[in-house]
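Here are my notes for a colleague opening this entry. Please keep the structure in view while going through the points.

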Amino acid sequence: MIDSIPALMVVLPLMAGVITVFTGKGDKPWAWATAITGIVFAMSIALLAEVTAHGPVTYNFGNWPSQYGIAYTIDAMNGFVLFVVSLIAAVTTYYSRLSVKDEIPNDRLHIFYALWLLTICGLLGITITGDTFNVYVLLEISSLTLYALIAMGYRRDRRALTASLRYVILGSVGASFLLLGIGYLMMITGTLNMVDMHDRLQVLIHNDEYSRTIMVAYAFLLVGLSLKLALFPLHMWLPNAYTYAPSAVTGLVAATATKVAVYMTIRFLFGIFGRDFSFGAVESSDVLLTCAGLGVLYTGIQAARQNNVKSVLAWSSLGQIGYIVIGFSLNNENGLTGSVVHILNHALIKGGMFLALGCVAYRLGGTRLTHLKGLGRKMPWTMAAFTAGGLGLIGFPLTGGFIGKWYIGLGALDAGNWLILVVIMLGSLLAVIYVFRVVYAIYFGEAEPDSVHATEAPASMVVCTWILIGMSLVCGLWSEWSVDLAANAAKAMLAGFGGAH
Amino acid sequence: MNFIEAASDHYNYWIAVIVMMIGLYGVIAKRNIVKQAISLGLFQTGIFLLYISMAVVFTPDGKMGEAPVKHSERLAADVLSVAGPVYDNPLPHVLMLTAIVVSVSILAVALAIIVNIKRCYGTVEEDEILDIEAQGLLDGPDTKSNREKAGALV
Amino acid sequence: MDLHTYSVVAMAIPLLGAAAILAFGRWPNLREGATLLTAAALLAVVSCGIAPLVLVDGFWTGAWEAPAFELIHMVPDLALSFKIEPLGLVYALVASSLWLMNSVYAIGYMRGNKEEHQTRFYLCFAVAMFSVMGIAFASNMFTLFVFYEVLTLSTFPLVSHKGTPHAVRSASTYLGILVFTSVCLLLVGVIATAVVTGGAENGYAGLDFTRGGVFLNYLNEGGDVAKGIVGLLFILYIYGIGKAALMPSHRWLPAAMVAPTPVSAFLHAVAVVKAGVFSVLKITVYIFGTGTLAAISGTDWLIYMAGFTIVVASFIAMFQDNLKRRLAYSTISQLSYIIMAAGLATLGGAVAPIAIMAGGMHIIAHAFGKITLFFAAGSIYTAAHKTDVSQLDGIGRRMPWTMAAFAIASLSMIGVPPTAGFLSKWYLLSGALTSADGGGTLSTVQWYAVVVIFLSTVLNAGYFLPIVHRAFFRPLSADAEAHPHGEAPKPIVLALCCTAVGTVALFFCSDLAVALVEQLQAGFPSSLVNGGF
């Protein structure tokens with residue numbers, strides 16, 4: 001049973017996504033999607049437990065040997081990311097009922113949830129698969145459905161359309177670069193399987209053969225992945241897409257899409273090319289650290305200038321991605337551990353905060369700073385969640401956000417890079433500014449006439465928000481388990497291909 | 001081997017790269033969003049050509065391989081024998097079938113969005129759209145009346 | 001109950017008090033009752049529960065080696081854990097006893113001035129007190145950092161209490177400087193300490209406060225740290241602790257004066273600023289170890305900088321007409337006495353124990369004196385609505401109690417017997433005049449310290465005594481004649497008399513305070529005084 005879970009985790013939402021179209025009207029599509037994501041979440045826990053206890057799990061489609069067929073392999077690294085993605089998926093799906101009803105026309109709900117499940121399917125698939133071309137296909141499944149989901153926000157604000165189109169163009173260019181890079185690698189290795197590709201590449205690199213082709217493949221992949229994970233300065237698609245998407249979609253996407261892209265990057269850099277190539281022969285460390293470092297500062301300043309709180313958080317996501325990139329670019333165990341644990345913590349924090357904004361949008365119809373003024377008294381629970389999440393963004397000690405930064409900071413000093421440590425701290429300082437600006441408005445601002453009669457959001461929404469925020473607090477206080485999982489993942493990735501042999 | 005020869009030997013790659021670059025140029029330089037979407041398709045077509053090129057397998061004496069189709073007059077044993085005919089690699093073709101489907105879907109989604117943009121903004125020129133967005137629409141609180149003023153479909 | 005467990009009790013009390021204040025928000029009398037009860041309970045626990053255990057039972061017979069009370073263990077090097085040690089006890093005792101005084105005072109002040117948002121005010125005060133206890137009893141650098149930040153955040157609403165644009169701007173300056181220094185310098189220093197001293201994962205002390213110093217122990221166990229790195233980290237720590245208000249990071253303190261007077265009095269003369277200098281002392285002794293700092297012999301800059309701050313801040317204070325701003329600059333100057341004590345301690349040898357005792361003593365003496373001065377300033381504001389020194393002509397005749405207390409506290413600031421200020425200056429001078437190597441020769445920097453101490457005494461007299469003179473010996477101005485007023489409300493007068501009496505009592509009954517600070521000497525086991533490199 002446990003052996004077929006990797007396949008089921010992709011096939012189930014894929015099939016279910018198609019079936020959703022026929023589930024009918026009202027709450028039925030939502031109930032169906034909730035059930036599916038719940039099952040998927042349960043599966044991910046089972047898988048993570050299995051992987052932690054007994055090592056990698058592999059599923060070969062059609063029982064073909066992995067060199068010929070498609071193999072799905074779960075190790076400590078993607079087991080962890082799977083857990084994060086399916087957790088967020090389950091919570092946001094349950095959350096979405098009222099929010100989506102409010103923002104999407106009722107005759108489109110079944111379409112919405114079909115796309116929703118397919119997005120989740122794609123994100124899970126990218127994480128699970130051990131086949132590089134499969135990565136591309138599943139990436140496109142998740143992206144295509146995501147473009148449509150984001151565009152669905154146009155009924156509230158037509159800028160969702162232009163944001164979505166920009167995402168379509170840049171996202172597709174990124175994916176095409178990925179496809180090109182995979183093509184070059186296939187040319188010289190003759191395989192698509194990640195483990196196989198890794199082994200053959202190491203031989204080629206060692207013998208100094210095809211070094212120019214490998215370099216070109218590496219360049220295309222790195223640029224394509226950077227576009228997908230929105231690394232500064234390739235981030236232009238992200239802020240508006242997050243801002244104008246329907247609230248529930250933003251919650252799902254912000255917490256998972258870029259995280260999965262980060263996972264892919266780590267997988268390609270460490271798992272396929274190997275750290276000796278990525279950070280030895282090519283020295284991409286300097287490039288990545290420079291981009292990420294500048295990105296942390298630039299996006300922090302931008303976040304402090306936004307008037308729509310969703311924009312603030314979207315820009316802040318870019319900065320947090322910068323931290324994650326800094327972590328793995330340091331190419332040591334502490335840094336990579338920090339990156340991986342920050343994938344979890346940031347997903348929880350940012351997911352929770354976007355859900356909190358979803359509650360605000362549900363009650364007030366918008367998320368501008370003026371909407372949030374004085375809401376501290378009217379929506380105490382939602383705003384408390386937002387504030388707790390904000391502390392996490394800053395990286396306040398005792399919140400989840402601190403743990404990742406702590407390990408990334410240790411990694412920076414292990415690498416002897418004091419400058420990047422200072423950049424991380426300056427980034428936290430900018431986070432203080434943009435979070436504090438909003439929190440100040442919430443608790444000390446005078447409510448606008450529009451929001452005088454606002455009341456606390458419905459219980460189901462508040463509870464979901466608090467599940468994510470609460471987990472982020474738990475991860476900040478009792479962090480040993482998440483750090484252990486992340487450290488395992490980091491060790492696996494540093495050892496080359498995550499112990500899949 | 002001089003440069004001309006090298007270039008002409010790899011003409012298929014040249015074509016792939018040129019098509020790709022025309023597409024990429026269009027994506028970056030064109031200010032009409034329909035043209036951008038079409039250029040994107042062109043870019044991806046270039047990638048397909050590159051993949052298809054790599055499927056070609058040469059026989060030891062320099063001839064190209066055959067299409068991997070089993071001819072009835074040949075025995076199965078012949079296919080597997082070392083001395084038998086050389087087939088082209090079918091895998092890239094199969095991959096590109098998938099990629100073409102993806103590419104078409106992207107174009108479809110992009111065009112669907114563009115149709116809606118035309119409906120909401122009245123134009124498909126990026127500069128004009130940016131102008132409309134920059135003209136302070138949705139200024140002030142995000143209320144229903146303001147949204148109507150800003151032209152969103154409420 | 002285990003000794004270290006008391007620390008958590010001491011922290012729980014203000015937190016429970018905060019909950020009670022929130023619950024009773026609608027009934028002012030109950031709410032203020034909760035505040036007073038909490039403050040009294042806290043003082044009882046700290047002074048009757050913890051202090052005797054430390055003083056009577058002889059703390060150093062094993063209590064230091066007993067494991068700290070670990071509340072939450074996150075990952076190696078990061079744990080919330082608490083331990084009671086003499087330096088923390090000094091701070092906790094001062095803070096908890098003055099909180100009670102201040103609560104009495106605050107009730108009179110807030111009601112007298114009909115301030116708004118009083119529930120938020122008392123709530124934030126209780127939370128600030130909670131973090132003060134956390135700082136006092138933190139047993140590792142991470143815990144100290146956490147509560148240091150909580151203190152900053154919880155005092156922001158108090159500083160911006162008035163809600164006017166000016167108040168918000170000043171509060172932002174306050175928050176900006178404190179957060180900037182703590183995140184960009186202190187946190188970098190903390191992370192670096194965990195890395196260069198081996199870390200808890202590898203069996204070293206990590207970030208735990210250690211007798212003799214984390215660095216010294218690491219070096220003694222065969223570890224290796226470059227002298228330049230230690231010097232750099234020391235700079236990061238000292239300037240990272242912006243609450244110590246060492247120039248040039250002192251600007252937040254005058255900015256914070258926009259707050260209501262009880263906030264200025266308690267937080268910006270006692271709790272917050274003392275948290276800063278207390279942390280400086282604690283880091284000097286337990287993270288670096290005076291032996292290590294003496295060995296790198298690159299810490300003279302601290303004494304020079306502290307001396308500079310003492311003199312310059314005094315000069316600035318002399319030209320401030322706003323009474324609270326004058327007091328604020330005086331605070332900056334006085335805090336640097338304690339930093340100077342830490343600086344002298346880094347000379348090592350025989351100087352270190354005396355200098356640390358001087359620092360501990362001055363924490364106590366300055367707290368009682370300065371809070372009295374602020375109480376007086378608030379009393380004048382409440383009764384006469386006057387904020388400037390130049391308006392105080394003849395006010396001593398209308399407000400005799402207030403101005404008498406003010407005069408006593410001024411004497412303590414200057415260091416005239418019979419007040420507490422004399423004691424701490426005495427210790428500081430004897431520290432400066434003790435030879436580090438026992439050979440009887442004093443270094444240049446010690447002579448510099450002696451000169452600064454004498455110069456600043458003159459300056460202190462120069463900016464405090466004119467106020468006293470004005471109040472008692474100048475005739476009332478025509479404007480003041482037209483607006484008669486009497487003493488401030490009774491709770492205010494009660495509180496400021498108590499603290500003024502305390503200032504004098506500390507001089508006459510100095511046994512307790514001396515016994516307490518003498519415990520600090522034990523932080524320097526003779527085996528660990530020197531060496532390392």
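**Notes on the chains and their contacts**

1. Start with C:Asp77. C:Asp77 is buried, with a relative accessible area of 14%. Its place is the loop between strand E1 (69-75) and strand E2 (78-82) of chain C. The phi of C:Asp77 is positive, about 80°, although the residue is not a glycine. Keep in mind that this is a predicted model.

2. C:Asp77 also leads across to chain A. One of the residues that A:Trp406 touches is C:Asp77.

3. Now take the whole interface of chain A and chain C. Here 29 residues of chain A are in contact with 36 residues of chain C. The two chains bury about 2700 Å² between them. Carbon and sulfur atoms carry 85% of that area. A:Trp406, A:Trp418 and A:Met425 supply 23% of the area that chain A buries against chain C, more than any other three residues.

4. How many salt bridges does the rule find across the interface of chain A and chain C? The number is 0. For polar contact, the rule finds 1 residue pair, with both residues at pLDDT 80 or more.

5. Four helices of chain A each supply at least two residues of the side that touches chain C: H18 (400-414), H19 (418-444), H20 (459-477) and H21 (480-494). The largest share comes from H19(A), with 10 residues. By class, this side of chain A has 22 nonpolar, 4 polar and 3 charged residues.

6. A:Trp406 returns in the nonpolar core. The largest such core has 439 residues. Those with the most contacts inside it are A:Trp406, C:Met133, C:Met141, C:Phe266 and C:Phe288. Which helix gives the most to this core? It is helix H14 (residues 351-384) of chain C, with 21 residues.

7. Next comes chain A against chain B. The contact takes 37 residues from chain A and 49 residues from chain B. Together these chains bury about 3600 Å². Of that area, 72% is on carbon and sulfur atoms. The count of salt bridges between chain A and chain B is 0. The count of residue pairs in polar contact is 5, both residues of each pair being at pLDDT 80 or more.

8. Which elements of chain A give two or more residues to the side that touches chain B? They are helix H5 (132-151) and helix H6 (159-189). H6(A) gives the most, with 19 residues. The side of chain A that touches chain B divides into 20 nonpolar, 8 polar and 9 charged residues.

9. Within chain A, look at A:Ile394. This residue lies in helix H17 (residues 380-394). Is A:Ile394 buried or exposed? A:Ile394 counts as buried because its relative accessible area is 14%, and the cut-off for buried is under 20%. Not counting residues up to four places away in sequence, A:Ile394 touches A:Lys405, A:Ser428, A:Ala431, A:Val432 and A:Val435. A:Ile394 and A:Gly427 are 33 residues apart in sequence. In space they are 8.4 Å apart, C-alpha to C-alpha.

10. A:Asp208 deserves a check of its backbone. Its phi is near 60°, a positive value in a residue other than glycine. A:Asp208 is found in the loop between helix H7 (194-207) and H8 of chain A. Why is A:Asp208 classed as exposed? Its relative accessible area is 58%, and exposed means over 50%.

11. In chain A, a cis peptide bond joins A:Phe232 and A:Pro233, with omega about 5°. A:Pro233 lies in the loop between helix H8 (211-229) and helix H9 (238-244) of chain A. In chain C, a cis peptide bond joins C:Pro417 and C:Pro418, and omega is about 5°. Where does C:Pro418 lie? It is in the loop between helix H16 (400-414) and helix H17 (420-432) of chain C.

How values were computed:
Residues numbered from 1 in each chain as written. Chains lettered and ligands numbered in written order. Predicted model: local features only at pLDDT ≥ 70, side-chain atom pairs only at ≥ 80, totals over all residues. Heavy atoms only, no water. Contact = heavy atoms within 4.5 Å. Buried area = accessible area lost by both parts, 1.4 Å probe. Salt bridge = Lys/Arg side-chain N within 4 Å of Asp/Glu carboxyl O. Polar contact = N/O pair within 3.5 Å; in protein donor to acceptor, adjacent residues only side chain to side chain. Nonpolar A, V, L, I, M, F, W, Y, C, P; charged D, E, K, R; others polar. Core = buried A, V, L, I, M, F, W, Y, C linked by side-chain atoms within 4.5 Å. Buried < 20%, exposed > 50% of the residue type's maximum accessible area, 1.4 Å probe, protein only.
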